[in-house]
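Q: Could we go through this model and learn how to read contacts, burial and ring pairs from it?

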Amino acid sequence: MTNEKLNAYLDGELSDPERRDIELQLERDPNLRAELEQLQSLDGMLRNEYKQSPAIAENVISKLTIPERRRTHAAWFALPLAAAAGLVLGILIQKNTGETTPAQTTDPGTKLVSDSGKSETNLKTPIEIASCSLPEHQSIGMLTLATAPFSTIDGKLAREYKIGDSIVKGAFITTPPDVRAALALGDGSELRLDRGTAVEITDRRQLTIRSGRVWLRSAPGEPFVILMNNARVESPAGETICSVQPDHAAVEQYKGSVSVIFGQETRAVKEYETVDLTNGVLGVVRPFFTDPFATAWLFELRVLAGMQDEELVLQVNGYFEALRRTKGINPIWEALALEMASHSKLAIARFYESNQSHLSPEARSAAKVILDRLAAEPSKNSKQNNSK
Amino acid sequence: MPGSTTEALTQRAVRGDRAAFEALLALHGRTMLAVARARSSNSTDAEEILQESSVRTWQNIGKINDTSRFVAWACSIVDHVARDRSRRERVREAKPLDDVSDRERGPSEAGRNAIVNAVSSLPVPLREVIELFYFGNLTYREIADIIGKSVPTVNLRLAEARTQLRLQLKDSPVAP
């Protein structure tokens, strides 16, 4: 009997015949049993010493900061080289008259090359008249997802945004009523803009919300500042949804905590807490329970962006696996994660359809689209199922 | 988790999907941290090594040869970063060789308990398997893949590490 064999037995690393062999020897040999007890004792001490490992790892991983990558090869969202090289598409439209302006400089250092031979009167279908070069330092982020390309009026500059476009400091972005978008900022923070949301990216870690709803995941660092409804929201790190609607404004906190400063008053809003900012009054902090929402939103963006079936499943699967590994989730989500591990898109769609009370109408619609499409392709589905 | 999930996430990360890379870190960061801990003198060092390694991994993920081996590849970067860091510290601090040797072996810190001190004083190859087995919660096969050795070698090192730990703890109040 070797020391290694006894260690492997202790660690459950032996085959069944090997294990049975050792157990027979243990029955006959008291010295071997004593040796095993010593090993078990040490193993127990080590396991006790390392019992906090998952929490330690989670804490360390949650603090990691991953910067935007320098792109040296084609990335799917980097196909427009504008994002990497600081080139952006400029579309100039005179706001009031609809007449095209040959060239307009909106940022210091912006150099536009005019192409005045075109004109356009319809703001919904602006035309490209120029390309411009921006200093690299003005690019502070990138549009990483959008349910459709969209145009937005930025001062007198109408700009078309599509996946991969850079976001410059001071940019005004307004998502149309039928488009949602996601942005990655250079400091590692992420923004998701709901439909009909108007924001100004005032600085690398500062944002002004004019209207609509914004989900922010702020990377650790100096507080990320959101200005909304005369209030200032400061987020050192975490996940927050801020909404500014005509009749209602609120801050909802999903991860970490934020300070909401309004006049002389400050409220600390912690995980799964919300505070109202309606009618010029800072409300009391209260709990809320809508944790599937952010996930539904992510799902919806992917679906509506036309992501391929397999990609969608892998994205959502990876998301849930990460969630399961790092945070622990309730049994329903656990079951879902396991289902998704089998790469069954149908399971995802059914889940979303059967959990309607938690989800936005858009997410439910997205699920229904998938179910309808799968129902219309019975042969393909059965083939997929048989192949698993 | 199916093995293909890591591979698929790696493929997405190679194409520039940062969310996929973050999912990879969430899935395998614990293993990477275990490797960093094996070469660190304290937890702050380990965290800094993991941070630097994560950025290097992300910046260089386009160079990965086999997307099915992300964990081993990422852990090799952690190992390189830890070695680089150790070399830099050696130059900066201009320590005598004896001290450097002690540092690499992981000197114990005041206030840490006997078992932690005993693990810290193990030679790096033995400490590495202890960290991967207990901190990383990995099997012999998974450890073997990461350190690029055979399963019997992992078995041998873990047995040797435990033997040394028992010897070191023999006279301590927590002796097994």
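A: Start with one residue in this predicted model. B:Ser53 touches B:Ile77, B:Val78 and B:Val81, leaving aside residues up to four places away in sequence. B:Ser53 belongs to helix H3 (residues 43-60) of chain B.

Q: Is B:Ser53 buried or exposed?
A: Buried means under 20% relative accessible area. B:Ser53 has a relative accessible area of 0%, so it is buried.

Q: Which residues have the most contacts inside the largest nonpolar core?
A: In soluble globular proteins, nonpolar side chains tend to be buried together. Here the largest nonpolar core has 71 residues, and those with the most contacts inside it are A:Leu46, B:Phe21, B:Ile61, B:Phe70 and B:Ile130. Helix H2 (residues 18-38) of chain B gives the largest share of this core, 11 residues. A second, separate core has 37 residues, including A:Leu143 and A:Phe262.

Q: How many aromatic pairs are there, and how is one described?
A: A pair of aromatic rings is described by the distance of the centres and the angle of the planes. Over all chains, the structure holds 6 aromatic pairs. B:Phe21 and B:Trp58 form a tilted one, at 5.1 Å centre to centre and 35 degrees between the planes. Both residues, B:Phe21 and B:Trp58, are buried.

Q: Why is the pair of B:Phe21 and B:Phe70 edge-to-face?
A: Planes over 60 degrees apart count as edge-to-face. The planes of B:Phe21 and B:Phe70 are at 85 degrees, with the ring centres 6.4 Å apart, so this pair is edge-to-face. B:Phe21 lies in helix H2 and B:Phe70 in helix H4 (residues 70-93), both of chain B, so the pair ties together parts 49 residues apart in sequence.

Methods. Residues are numbered from 1 along each chain as its sequence is written. Chains are lettered from A and ligands numbered from 1 in the order in which they are written. This is a predicted model: local features need pLDDT of at least 70, side-chain atom pairs count only at pLDDT 80 or more; totals for chains, interfaces and linings use all residues. Side-chain values use heavy atoms; hydrogens and water are left out. A nonpolar core is a set of buried Ala, Val, Leu, Ile, Met, Phe, Trp, Tyr and Cys residues joined through side-chain atoms within 4.5 Å. Buried means under 20% relative accessible area, exposed over 50%, partly exposed in between (1.4 Å probe, protein chains only). Helices (H or I, at least four residues) and strands (E, at least two) are DSSP runs, numbered from the N terminus. Contact means heavy atoms within 4.5 Å. Rings of Phe, Tyr and Trp (its six-membered ring) pair if their centres lie within 6.5 Å; planes under 30 degrees apart count as stacked, over 60 as edge-to-face and the rest as tilted.
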